[in-house]
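Good morning, and thank you for coming.

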Amino acid sequence: FAARKAIVTKHHFFSPSHPLFEKNRSAVRMAFRAANALPAARVLSQIGGARFASIAKSTGGRCSNSGLTVTVFGSSGFLGRYVVNRFGRIGSRVVCAHRSDYYEVRHLKVMGDSGQIHPVSIDHRNKDDLYRLIEQSNVVVNLIGKTYETSNYSFDDCHIKIPTDIAQISAELGVDRLVHFSSIDASPDAHSLFAKTKYEGERAVQEAFPEATIFRPSKVFGFEDNFLNGYARLAKMFNYVPLVNGGMQKIQPVWVQDVADAVYNAIADDDTRGQTFDIAGPKTYSEKEIVDVVIQMIQQNPQVVEVPASIASYAGSFVEKLPFWLGGGLLTQDQIRQKLDNVIADPTALQLRSLGITPATLEDVSLSFIKQYRKGSHFLAIH
């Protein structure tokens, strides 16, 4: 009843002007009377407003109470939906920060119990918006990142300024845990501006929130990715796959569900405070080997074209100037430079196994969504 009072008061579902007010007058009156007899702290704890000294570990389902109120920045992205689902399915209250249209995030609503998943549109540069989203949370997860710059958001904005604001505000408000996503190739000596700004952002977050847990993921693959699906679409639609520098870049791809599970496991383990993890899969491939695996799975025979980095960069200099609706962002010079650095884990770094996760290989799970690119999808193979 206390939680109901707070929700009713906040959203005015049963204001006198509401058509359901008369029908539900007695129920609302009983709820208010019961709520008035409870301490305010209990009301807050029931709707997720109270912070907890230690993170509760829940083994229940979506209708249970994990004790977590989690704000997820970057929730509308590929990885975001899996992180939201991981917390929602154990009974957490999840605030999903996004800058999209509501219809682009409504799928998140079903990832938790009724009223537990809250997509909120914000301006990430507006600190008042950040305060509003973080102030009731005991866990903050920052997934914000872009592989190309736009007229609205630069690499500095996405990888340094906004993450720093999130970390500083989280520290000021006393948030218990912060998980920040960097990149496995983040380095001051990287070829790409993407990786350099990821490194600077990582350091800025650690300075603002020393107990932040840093995740440095490699290429993440899964049902909605633009990684394996991108190669498969090129092979099926255009019958060719271009490979920069012959596809020599080394990649350690990681399954998206393993990454989401790692976020929760890190939150549930106090020993991960202030630690940095290289989030990568169990096998290392060259980019060409990954393309060969995809081609074998989709049973196509495209032409694999080796493109020198200089020519690819020259093409990117033209494409990146196009409007977004004409393909701007599909290829940029910085994306070509990203392919000059390997995206593999440091053998001495903490990895998924340190979080109790045995990572899946690309061959283990990718056929389940890559087979859609076969001729006749999978139906010709079973009929």
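Of the 383 residues in the protein chain, 50% are buried. Please keep in mind that this is a predicted model. The chain contains 15 helices and 13 strands. Among its contacts with a separation of 6 or more, 77% are between residues 24 or more positions apart. Its accessible surface amounts to about 18600 Å², and carbon and sulfur atoms account for 53% of that area.

Let us now look at the interior. As background, nonpolar side chains in soluble globular proteins tend to be buried together. In this model, the largest nonpolar core has 65 residues. Which of its members touch the most other members? They are Val 83, Phe 87, Val 141, Phe 181, Phe 215 and Leu 228. The element that gives the most to this core is helix 9, residues 256–268, with nine residues.

Setting aside residues up to four places away in sequence, Leu 228 touches Phe 221, Ile 290, Val 294, Leu 362, Ser 366, Phe 369 and Ile 370. There is also a second, separate core of 23 residues, which includes Val 95, Ala 97, Leu 130 and Val 175.

Next, I turn to the surface. Met 237, Phe 238 and Tyr 240 form a nonpolar patch there, and together they have about 340 Å² of accessible area. Met 237 belongs to helix 8, which covers residues 228–237. Is Met 237 buried or exposed? The relative accessibility of Met 237 is 59%, so this residue counts as exposed, the cut-off being over 50%.

A contrasting case is Thr 213, in strand 6, residues 213–217. Thr 213 has a relative accessible area of 0% and is therefore buried. With which residues is Thr 213 in contact, leaving aside its neighbours within four places in sequence? The list consists of Arg 177, Leu 178, Val 179, His 180, Ala 266, Thr 272, Arg 273, Gly 274, Gln 275 and Phe 277.

Finally, a word on the cysteines. A disulfide is a covalent bond between the sulfur atoms of two cysteines. How many disulfides are counted in this model? The count is zero, taking a disulfide as a pair of cysteine sulfur atoms within 2.5 Å. Cys 96 is buried, with a relative accessible area of 0%. Cys 158 is buried as well, because its relative accessible area is 3%, and the cut-off for buried is under 20%.

Methods:
Residues are numbered from 1 along each chain as its sequence is written. This is a predicted model: local features need pLDDT of at least 70, side-chain atom pairs count only at pLDDT 80 or more; totals for chains, interfaces and linings use all residues. Side-chain values use heavy atoms; hydrogens and water are left out. Helices (H or I, at least four residues) and strands (E, at least two) are DSSP runs, numbered from the N terminus. Buried means under 20% relative accessible area, exposed over 50%, partly exposed in between (1.4 Å probe, protein chains only). Contact means heavy atoms within 4.5 Å. Accessible areas come from the Shrake-Rupley method with a 1.4 Å probe; for residues, only the protein chains shown count as cover. A nonpolar core is a set of buried Ala, Val, Leu, Ile, Met, Phe, Trp, Tyr and Cys residues joined through side-chain atoms within 4.5 Å. Patches are made of residues with over 30% relative accessible area and no salt bridge: like charges are joined within 9 Å, nonpolar side chains (Val, Leu, Ile, Met, Phe, Trp, Tyr) within 5 Å. A salt bridge is a side-chain nitrogen of Lys or Arg within 4 Å of a carboxyl oxygen of Asp or Glu.
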